[in-house]
Every structure is written in C-alpha cells, then in structure tokens.
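My notes follow in the order I made them.

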Amino acid sequence: IPRPSKKEEKVIEYLINFAKNNSLQYFQDEIGNVIITKPATKGMENSPITILQSHIDMVCEKNSDVDFDFDNDPIQTFVEDGWVKAKGTTLGADCGIGVAITMAILTSKDIAHPAIEALFTVDEETGMTGANNLTAGVLKGKYLINIDSEDEGEIFVGCAGGVDTLASFSVKNEKATSFFTPLRLQIKGLQGGHSGDDINKGFANANRLLVRFFFEQWENFKFEISKFDGGNLRNAIPREAYCDFAVSSSDVEVLAKAFKEYTDTVKAENSTKEPTMELTIEPLSKSFDEILDSKLAHDIICSMVVIPNGVVAMSQDIANFVETSTNLASVKHIDDKIVVVTSQRSSVESRKNSLAQVLNQLFTRYGAEVEHSDGYPGWTPIPSSELLNRFCESYKRLFGKEIAVKAVHAGLECGLILEKYPNLEMVSVGPTIRRVHSPDEMVDIKTVDMFWELMVDTLKTL
C-alpha cells in the first residue's frame, strides 16, 4: 500500500478496515493516528496495559534510473540471501515491519498478552507530526514498546533529538555566455543511508563532493552555474547530486583533466566505504539562456563547503555513541529560491540547538535567509525499568546471551510521546534492518523470527 509521509490515507483506511474485520475497537485522532485496542487474554486481565507503537509512513527514495510512483505503485519486493529487498526503491521495513508485527499480535488467537493499545502514528519520517500532535489522555498503557529499531540483539532506552536548518538563497540570474559549453557534473552510486544511524559509518555525502570540486577550481575556470540538485530527504545521507554548468569551450579539455584528478582523489579517499562511486562530466545538448549570478553561485558553493557535516561530537557518557551530528541533506531549486536543507541531531538538547545556530550564522554570512523547524526532543536514557528487565530476561532465556542495552543517535517518537505521557516506561526494539532510507534497504528474515519470539515471550511475562 503506497504510504509516503503526509499521504497515509490509503494505509489508514486499510488499518480501520482491518480493525472492523477483526472486531477490534479503534480510534482515529484529528491528525490521523490510529489506535486499535485488543483485550487481555484470559488470566492477564489485571496486567498493565501495553502500547505497541510504530509509524505507518515510509521514506520514499529511488534510484534515478527507476521509474516509480510512490503515490500509487506498490513496492516490488524480492528475497535474496536471506534478506527481503526492494527493486530500486526503499523497502519500507522502516517501520512497516513494526506495523506487520503489531497486526500479527492483534489477530493472534494463541499468544498470551495483557490488554494491547496498538498506536500507529503518521508522518514520522518528515516531521514526527503524529507523535507531536498525539492527544494526552487517550492512551491508558503503562508500558510502551516502540517497534522502530534496526538491530536484533539490541534494545534502546534513549535517542537523539533533532532540528532542521533550512537556508534559502534568492535566485538572481544573468545572461549566459553564448560560446560556453554546457555540461553536467554528476555524482551517483554512493551508499547513502540513515542520517542518524549511519552518520558515523564514513559514507560520502554527494552534495559535499559536488560543491567541493567547484570550490577548489573556482579560481581556475569561469564557471557559469545553471542548476544545483542533490539529495531528497532531510533524514537520508544524499547518494546522488548533479550540477548543470558551462565553461569556455577552450577550457573543456583542461577542465576534464582537473576533474580526472579530482575524481582520482575522492575515490582514493573513499575507496573502502564507497566502492561503487561514480563521478562524471557529460556534455548537455542545449545551451543555457540564463545562469545564476556569479556571486550567488559562489556563495552557495562556499556555504555548503564550510558548514560542518557528519559527526560533530561523540558522547562523553556512552562509549562509541555519536552525541551530535549534522547532515547536508539536499539542495533544490524551489520557485525563485535555492534551498539547502540540513538536519542536526544530538542527545544533548543544548548542543543540538547550538549547532543549529552555528549553521544559521554561517549561512547568513553567505546571504541566505535561514529558518529552523520546530524540532523534536531526545529521549533521555533510563538504565533500568520493569519493562526493560522483562525484555532482558526473555532474551537471555530464549537465546542464551545478554541483549545489549543502548541509546540510538536516530530520532524516535519516544521523546515526543513521553512529553504527553511522562509516566510511561519505554523501550525501542526491532529486527535487523540495513541501509534504511536508501534503495538498498533490506530486512534480515531470520532476525524477524527471533524478534517475534522475543515479543511473544516478553508479552506473556508482563
């Protein structure tokens, strides 16, 4: 069922019909969140109500050579080497696997469990709108299990907060030079990935690589820039980017040599993490009538080079845990603006806000108008709770080893839900999903089975 963020109507209708067909009570709030309830099984009527929470939207990313309409086309899945994958698009296991597991529990006839409140939230990926607008007092549960984590054998008790910084440059055009040769510099084949979970993995940022070439060569060539385009989503590390530009026809061969040197350099820098990286310059069939004002183009390039990108600080309290980061997510022409979107994350609220202000100052100095999203709070780790203890005990009993208790640098809805329901005990768990927010997203089948066993065993102990 197609379910882009903010366009979840089809899956909402499906969930409501699912509740009706299974004689389950349901409620839909004004923002679109759906809550489906199921009574406790016999003998567990006095156990604390447990909330199973997942979001129904998905990140919609595809490879540039794939023809796909996320508003109407179903994801084309296949199985390879024990993983479920999708053909050229994101899979939607984030957080579709959580929705599926919750639905399986709601329809089960032989699983012991307390009373269930299944909370399906909307628009997690582009603004956490559902969690942010969740009505206080609707849920009655004591425990909340967020099924939106991506590592079997790990359970999460804290997450980073986030905020977006958007820099808008007003477009100024000037007449293009007629004897210049139009070209396109394109970068593709990068790993991409989740801008929280994968930010510390050393993957290259296509937007950064794009502007770096022009920054380094600005004094050597008269560039006439027509268009920047890179990345799509604030929470995805950009895999692809391109720039349409022109140089003097007499400089094309010299430019090609400089670009070859640049390509060799960045491929050497990223040889381990980005083995499929492609950098090309190809001629365009049509010349430009207008180009960006030279100073404006240079200001945009400089701003995207000088702003921080990637990991900014590691945690002082949790070993090998990213505390603060930022992602140069996208650059797009929107109407009469060129908009650069960045996303900041931190488990320390003050450092998240400080980093956003640093970007504000840098973009402003290059002439941009800057605004920030409302952001969302982090979820402060609580090292021990009854719910956590039950999960840990079940995991040890089932698999003969300890489950790792961690915090995650990605944003989860837990912090926002906790603002409305401050007495909830929460954990976040899930099977192994890799390369989320990219067309290489995949879920490990055997870990789904393990996670199902863990959920069933833990529920009966509550």
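**Notebook: charged pairs, cysteines and a helix**

I began with Lys222, which is partly exposed, with a relative accessible area of 48%. For the record, buried means under 20% relative accessible area, exposed means over 50%, and partly exposed lies in between, with a 1.4 Å probe and protein chains only.

Before going on, I noted that this is a predicted model, in which local features need pLDDT of at least 70, side-chain atom pairs count only at pLDDT 80 or more, and totals for chains, interfaces and linings use all residues. Residues are numbered from 1 along each chain as its sequence is written, and side-chain values use heavy atoms, with hydrogens and water left out.

**Glu224**

Which residue forms a salt bridge with Glu224? I found Lys222, with the closest N and O atoms 3.5 Å apart. A salt bridge here is a side-chain nitrogen of Lys or Arg within 4 Å of a carboxyl oxygen of Asp or Glu. Glu224 itself is buried, at 2% relative accessibility.

I placed Glu224 in strand 12, which covers residues 224-230. Strands (E, at least two residues) and helices (H or I, at least four) are DSSP runs, numbered from the N terminus.

The side chain of Glu224 also makes a polar contact of 2.5 Å with that of Thr177. A polar contact is a pair of N or O atoms within 3.5 Å; within protein, one must be able to donate a hydrogen and the other to accept it, and residues adjacent in sequence count only if both atoms are side-chain atoms.

I then listed what else Glu224 touches, leaving aside neighbours within four places in sequence: among its contacts are Phe180, Asp244, Phe245 and Ile291. Contact means heavy atoms within 4.5 Å.

**Other salt bridges**

How many salt bridges does a search of the whole structure find? I got 24.

One of them joins the side chains of Asp164 and Arg234, at 3.5 Å from N to O. Asp164 is in strand 9 (residues 161-170) and Arg234 is in the loop between strand 12 and strand 13 (241-248), so this pair ties together parts 70 residues apart in sequence. Asp164 counts as buried at 10% relative accessibility, and Arg234 is buried as well, at 13%.

I also looked at Asp444 and Lys446, whose closest N and O atoms are 2.9 Å apart in a salt bridge.

**Cysteines**

I counted 0 disulfides, a disulfide being a pair of cysteine sulfur atoms within 2.5 Å. Cys302 is in none, and the nearest cysteine sulfur, in Cys243, is 14 Å away. For Cys414, the closest cysteine sulfur is in Cys159, and 6.0 Å is too far for a bond. Cys302 is buried at 7% relative accessible area, and Cys414 is buried at 0%.

**Helix 6**

What caps the N-terminal end of helix 6? I found Asp293, with a side-chain oxygen 3.2 Å from the backbone nitrogen of Lys295.
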